[in-house]
Amino acid sequence: MSLLDTRVPAVVLRIDRNPFHHGTLGAVRSLGRAGVDVHVVADCAGSPVARSRFVRRLHAPPSPDASADEVLAVLRRVAAQVGRPAVLVPMDDATAIATARLREELTGPYLLPVMPSALPERVADKGELAAVCASAGLPHPRTEAPDTPARAAEDALRLGLPVVAKWSRPWLLPAGSGLRSTQVLHTAREARELHARTAEAGSPLLLQAFLPPGADRDWFFHGYADRTGTVRAGGPGRKHLSWPRGAGLTAVGRWTPNSEVTALAERVTGELGYRGILDLDFRRCGATGRYHLLDFNPRPGAQFRLFTDSAGLDVVRALHADLTGRPLPDGDPVSGRAFVVENYAPLAALRPAPGGRELAWWAGDDRVPGLAMWALWARHVSGRLRRRLGAAAEVPAQRPAPRAVTPSLTTDNEKASS
């Protein structure tokens, strides 16, 4: 019997309009290589993902600010075009939250994990996560939710600068605002000014105690909680390089055994009754050695293909197999396996990888997306450079105002300096 039931197609869903979202390509390849028809509902017209030979069909996605009714209408239209029940694979927080809320309406055309409908939104909300960790007894950075700009400045000083600033519901951030979901603030003034943009951000600003990065401190865990609540597939990984550095996505990661991280992941999913794919971020405190849960993402992380075990199972395949009634094989972890996003870490993509490695974009059996990525990336980088140079050219050079000097009162020093 094959690993997956190839009679059941999959619909990969993403609202976030990021042409460089390599996780979407990973899901397409993972399912397509197993023989599953993959439909992609995402803004991929200008993305390398659209060039993958494993994409059966592209469908227009909902807008980034779509309401639940609009998301439902799009998914019903896609279901009619697919023509048979399909496994739904949300790839960002917004779609994971929306589809969980709409599970009852989507049941029939789509296969989804069964869990409390509000749970994905609860764990994705950075403010709610602090309460979740407190109730489960999991370490979490001290978090404040200031209600005014002045209070934000006070809280930043009380927590101790620098502090980490997070928007509680980052999926609500408007495109083009320049607001980042997470950033490090170094002054109380920065905290005050950022809080003043709360209405624009669409959710409360949170300030967290800063846990300094360092060697062996940034970890993540990917897994799939099956219908019984057992965490299958996936595993713990260590982040070797992030983009942007220090507070961004995993550019280089390695599958690294860590029983403590695994135990914490199983504990929080068990206490919540969570079902489905999960992506957790941890940081180890250098002073205490404890692992703090920083983020709970109720969907695949972009680097989920790192955790492909000896049986060929990853979290996306586990989702498909479990929802279609297939047994999940017990593969062995491939410790030491690496995952590299080559446009963010090109040198790492060229170094030897004794433990095995998967690249985010390049694949020998699906070459076109990798080539398309480099062409698109070159245009992206050159465009940013042109905009920066253009902005610099628009700022006139600041020259000192000429001094009105009376000749009879000019000193020798002033003559020498003129």
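How many cavities of 30 Å³ or more does the structure hold?

Modeller: The structure holds two cavities of 30 Å³ or more. A cavity here is a set of points on a 1 Å grid over the protein atoms alone where a 1.4 Å probe fits but cannot get out; lining residues have an atom within 4 Å of a point. This is a predicted model: local features need pLDDT of at least 70 and side-chain atom pairs 80 or more, while totals for chains, interfaces and linings use all residues. Numbering starts from 1 along each chain as its sequence is written, and side-chain values use heavy atoms, without hydrogens and water.

Let's start with the largest cavity, whose volume is about 230 Å³ (the space filled by probe spheres set on the points, joined across faces, edges and corners). Its lining is made of 19 residues, and those that lie nearest its centre are P90, L112, P113, M115 and P298. At least two lining residues come from each of β4 (86-90), α3 (93-101) and β13. By residue type, the lining of the largest cavity has 13 nonpolar, three polar and three charged members. Ala, Val, Leu, Ile, Met, Phe, Trp, Tyr, Cys and Pro count as nonpolar, Asp, Glu, Lys and Arg as charged, and the others as polar.

Now move to the second largest cavity, which holds about 60 Å³ of space. Around it you will find H22, G23, L25, G26, R29, A302, F304, R305, F339, E358, L359 and A360. Two or more of these lining residues are given by each of α1 (22-33) and β16 (357-359). Helix α1 gives the most to this lining, with five residues. The lining of the second largest cavity divides into six nonpolar, three polar and three charged residues.

Rings of Phe, Tyr and Trp (its six-membered ring) pair if their centres lie within 6.5 Å; planes under 30 degrees apart are stacked, over 60 edge-to-face and the rest tilted. W243 lies in strand β11 (residues 231-243), while Y344 is in the loop between β15 (338-340) and α12 (346-350), so this pair ties together parts 101 residues apart in sequence. With 40% relative accessibility, W243 counts as partly exposed, whereas Y344, at 14%, counts as buried (buried is under 20%, exposed over 50%, partly exposed in between, with a 1.4 Å probe and protein chains only).

Another pair, Y274 and F296, is edge-to-face, with 5.2 Å centre to centre and 65° between the planes. Y274 sits in the loop between α10 (259-272) and β13 (276-284), and F296 in strand β14 (residues 291-297), so the pair ties together parts 22 residues apart in sequence. Y274 and F296 are both buried. Finally, go back to W243 and Y344: ring pairs link them with F20 and W377 into a cluster.

Notes:
Helix = DSSP H or I, 4+ residues; strand = E, 2+ residues; numbered from the N terminus. 1 Å grid on protein atoms, 1.4 Å probe; cavity = no way out; pocket = protein on both sides within 12 Å on 5 of 7 lines; lining within 4 Å.
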